[in-house]
Amino acid sequence: MRRKAEIQIDMTKKVRSFFSFHNPGWFRFKMGRKLNAIVEKIEKLVDEGHKFGFTVKTQPQKRGRPQTHSFVVESEVIGREEDKETILKLLLDHDNNQNVAVLPIVGMGGLGKTTLAQLIYKDQRVEKHFQPRIWVCVSDEFDVAKLAKAVIASDPGAECELSDMELLQRRLREVVSGKRYLLVLDDIWNEDQAKWDGLKTLLATGGEGSRIVVTTRSEQASSIMGTLGPYRPECLTEDDSWALFRKKAFEGRAEEPKNLVDIGKEIVQKCGRLPLAVKTLGGLMQSKSQEREWLSVRESDIWDMQDGEDRILAALRLSYSQLPSHLKQCFAFCAIFPKDYEITKDRLIQLWMANGFVPSDGRKELEDKGHEIFNELAWRSFFQDIKEVGPYYNTTCKMHDLMHDLARSIMGDECLTIQDPAGWKDISKKTRHLYASVYLDIHRTLNNYPNIRTLLGLGYCVSIPADSSKPKSLRALKLCQIKELPIAIAYLEHLRYLDLSGTDIEALPDGTSTLFNLQTLKLSNCPYLRKLPEDMRNMISLRHLYIDRCPNLTQLPAGIGQLSSLRTLTKYIVGNNDGRRIRELNRLNLSGLLELYNLRNVRDAADAKEANLSSKHNLCSLILCWDMTQWDPPGCYAGSFHHSFEEEDVLSAENAEEVLAALRPHGGLKLLTVWRYGGGSFPTWMMDSLLLQNVVEIHLGFCTDCQRLPSLWQLPSLKFLYLFNMHNVKHICGSTIYDNTGNDTVRAFPSLKRLVLHTMQSLEKWSEFEGTAEVLLVFPNLAELKIIDCPNLMTMPELPSLKSLEMKGTDMQLGLIYSLTTLSSLSLHVYKMSNGTESPPLDNQKKMSFRYLKSLEKLAITASEDLAPLLEEEKETKGLSTSLHYLEIKSCNWIFSPPQQSSPPLAFWKNLTSLLALSIDYCDDLVYWPETEFRGLNSLKKIYICGCKKFVGPSPLPLSSSSSGDGELLPNLEELDIRNCAGLLELPKLPASLISLVPKPDFSASRSGAPNSTQEGVYHGASWLGIFATRAGTARCTRVSAHLPM
């Protein structure tokens, strides 16, 4: 009986299996019937529509504008030289006496307005004439606060993590006030006069000759914003149109067949001489070599459209229609991203893979095929602005707004981007791919719209029980602001892409290891992540694992090497036991970033060679660290980090040198870091300029036993070099640098832009034979230099391009600045040797002088009284009178005249006639409002005072300068910001120009039970505001804030 029952059950299973969707034949039969029925219904509807005279119209799409930037390759731009010169004359016109003039560039989409603005922005004449230059992509949303943040972010020293509009407007005006700036506002759609007026008011404080360039399609926007007449670029000439098309269509070909040239010229005419259409069609034809293929494009019905932007869209749609089906899918999917979005190439390819858009032929890796698709779309101009961005040199791209329109029109309701809560009304059952940067109820979303395949949630995700959502179609998922995965693993069986980067998650469910279809797992920058699933080795489809910047993740699961499909592993921690040794990396074909920690556990060179780094040709960034101290710039170079580890010895490893030698990488690296290395010398491969010829950035830190650096000075591509806690290194360049001396000069580091020397106690010279060889050492392109705690360095090479210097050292090192006449920014932190010893004297007894720093715009001083003599003589600082705009004084207890004494102020105060902003921090000698020092600062607009505990307010005794009759004190002061000044009792008389007054008293005393009278009055909301009312007098102060304790 049991046997009969088993046979019956078996037969039932077979019959059920035959009629299930898992049977390919039955599936095709069922789907065929369904499709025939659908086609019949559609045909019936079309026939009925024709009877009633209905026409088909597509729903207009919202504009989607990828964010532009200022970079352009001039050699790829054709036919815009005359336009560029005309606009430059308008911008550089000295006869126009407007403080800030606005020039609109107006024209249809695809005409090349942004490209023209990029050419102008990059021109050397513009670079010299305007400082700063600022580029902001605006697009649909003209939000004054967001635009203010974007302008502020253009200033390297400015803070832009602000939300309060009052703070934003103050910081914005600080960035532009008094400067002759150039601001490009690209892709303007705003036609609201009030919004423009709100931004224009903040920008109006720029210096004479400032210019704002606006690109727009809207004549109304142009008329609202422009103060100069609008510039309307024309379409390209026929010759320029053909030259652009020819450059794209025939590039790489040995010849240009006459029959194709003739057809190509006809295609160009159909493009209407519009640059975007010409360029796109040229890219399309490059892949076609047969005459019939070119004729097919020329004769296409898609050309039967109107002129203008419709003609551009026709060209773009025609180019799209010629794509293979998988390229069509990949391009159209990009509609999921919002406007102003910078798309990361690797992420895009992984999302394509997750949705099955990348075909597999069994010969190429999916990633390689994805890169081919990306490059093909880029070549055909579906993507643009392709570049590498730091810190790990990832490739990014953008889409032109019309390309984005095309993708949106193709996808319709299938792709939805929600950036505002009101956008939820647009979601429908047809939605397959959703990007939401607002509050996300993942339970409701996935249950109500079960067909969603891609969900990229960048907003707050509501916490719900993990089994509340039961998605069956989900292929790609990104979540933010969560502490645990809100979906049960059992319902994620089809998931291929999971991104939880930047969340507070501590551990993934153990069941994660059963996600056998998962290809990409991203956990970067998860500060609380402690562990990964132990059975992770069973995730046979996993190809990309991102676990960098997870400081609490100190051990990986055993058997990572069994993930044979793995192509990305951003962090690997070498263990002592089997399954966690470095040999796990042997057969993994890794790419991108690889951080190796705990290399002290590598036993010997043979063990290190098991990592097989030299065969991993797709690695771009390699970080080698001998313990678990995280390398995470720029945080790892901050003062707090430095002090945390300066007393912790680098673990000496007898085998460190042979291990590093055996970890020789391939020759394609762009970033190399060696961190907490205990060896006494660097291996020969680090001296190989051919092996490291592509390296752009190098970090060497806590290599405390090394006495010599590799020959980094000869690397042709090196732009950024950071040397940190290299205590035994005595010189930067070795003796071999003199082997190729010519014309009595040696050019070192040919491409270096930024150099940081941090805590190098033994560093004495820039080159080994410096002082004996009569050769001038030149760093030709170095623009930014930081020398922090290198007390024995007493020389400086020739630095013709240096713009920024930050130096923390002894007073004996001040002479290093003697010859740096090109500086525009200088930060000095001067101290005496704490052990009573002195630094060696400077060569030739050079002394610092401000006399020759005539280009200096920013100066920050943290110094002992030893710096005072340099500021006592008026002639020594005369050069600052026209250039210096920003001054920061910190912990200088000698900078102000002693109270109740008649001694004159330091002479340098008289030369600060162009000063716009002054910051005074923690200066205990500031007791009374420094009227004598401030007399003559007629350009000053902002004063910031913080932590001056002895500062009480105006002097009780009248000063002669107050009644000297030489005008009002600080006549242009607009902002006064006083914080944490516990002794402040009264404010001085303030000028009528004042706009903003923000005091912030120190409540530490009041919390201890002994408040002073002023603090007590503030706390009860009385006397502090009273001070403002009485002392501000007739000032037109529009904002007064008293910050109460939180």
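Which hand does the crossing have where H6 passes H7, left or right? I looked it up, and H6 passes H7 in a left-handed crossing. Left-handed here says that the near helix is turned anticlockwise from the far one by less than a right angle, and right-handed that it is turned clockwise. The helix and strand labels are DSSP runs numbered from the N terminus (helices are H or I with at least four residues, strands are E with at least two).

**Ground rules.** I note that this is a predicted model, where local features need pLDDT of at least 70, side-chain atom pairs count only at pLDDT 80 or more, and totals for chains, interfaces and linings use all residues. Residues are numbered from 1 along each chain as its sequence is written, and side-chain values use heavy atoms, with hydrogens and water left out.

**Whole chain.** I find 27 helices and 36 strands in the chain. Of its 1046 residues, 52% count as buried. My cut-offs for that are under 20% relative accessible area for buried, over 50% for exposed, and partly exposed in between (1.4 Å probe, protein chains only). The chain exposes about 47500 Å², and carbon and sulfur atoms supply 48% of that. These areas come from the Shrake-Rupley method with a 1.4 Å probe, and for residues only the protein chains shown count as cover. I also looked at contacts (heavy atoms within 4.5 Å). Among those between residues at least 6 apart in sequence, 64% join residues at least 24 apart.

**H6 and H7.** Back to the pair I began with. H6 covers residues 144-153 and H7 covers residues 165-176; their axes come within 9 Å and cross at roughly 40 degrees. Axes are lines fitted to C-alpha atoms, for helices over the stretch in contact, and angles run from 0 to 180 degrees between N-to-C directions. H6 and H7 are therefore oblique to each other. For the angle words, under 35 degrees is roughly parallel, over 145 roughly antiparallel, 65 to 115 roughly perpendicular, and the rest oblique. On the H6 side I list Val144, Ala145, Ala148, Lys149, Val151 and Ile152, which meet Met165, Leu168, Arg171, Leu172, Val175 and Val176 of H7. By class, this contact has 10 nonpolar, no polar and two charged residues. The classes are Ala, Val, Leu, Ile, Met, Phe, Trp, Tyr, Cys and Pro for nonpolar, Asp, Glu, Lys and Arg for charged, and the others, Gly among them, for polar.

**H3 and H4.** Next I checked H3 (residues 81-91) and H4 (residues 113-122), whose axes come within 10 Å and cross at roughly 60 degrees. H3 and H4 are therefore oblique too, and their crossing is right-handed. Asp83, Lys84, Ile87, Leu88 and Leu91 of H3 make the contact with Leu116, Leu119 and Ile120 of H4. I sort these into six nonpolar, no polar and two charged. How many of the 10 residues of H4 are buried? Eight are, so H4 is largely enclosed by the rest of the structure. Among the buried ones are Lys113, Thr114, Gln118 and Tyr121.

A cis peptide bond joins glutamine 131 and proline 132, with omega at about 5 degrees. Proline 132 sits in the loop between helix H5 (124-129) and strand S2 (133-139). Tyrosine 393 is not a glycine, yet has a positive phi of about 60 degrees. I place tyrosine 393 in the loop between S6 (384-389) and S7 (394-398), and at 13% relative accessibility it counts as buried. Aspartate 789, also not a glycine, has a positive phi of about 55 degrees. Aspartate 789 lies in the loop between S27 (784-788) and S28 (804-810) and is buried, at 14%.

**Two last residues.** Is leucine 757 buried or exposed? At 0% relative accessibility, leucine 757 counts as buried; I find it in strand S24 (residues 754-758). Leaving aside neighbours within four places in sequence, its contacts include Leu723, Trp766, Ile787 and Cys790. Alanine 783, in the loop between S26 (776-778) and S27, is partly exposed at 26%. Its C-alpha is 8.2 Å from that of leucine 752, 31 residues apart along the chain. With neighbours within four places again left aside, alanine 783 is in contact with Lys753, Ser801, Leu802, Lys803 and Ser804.
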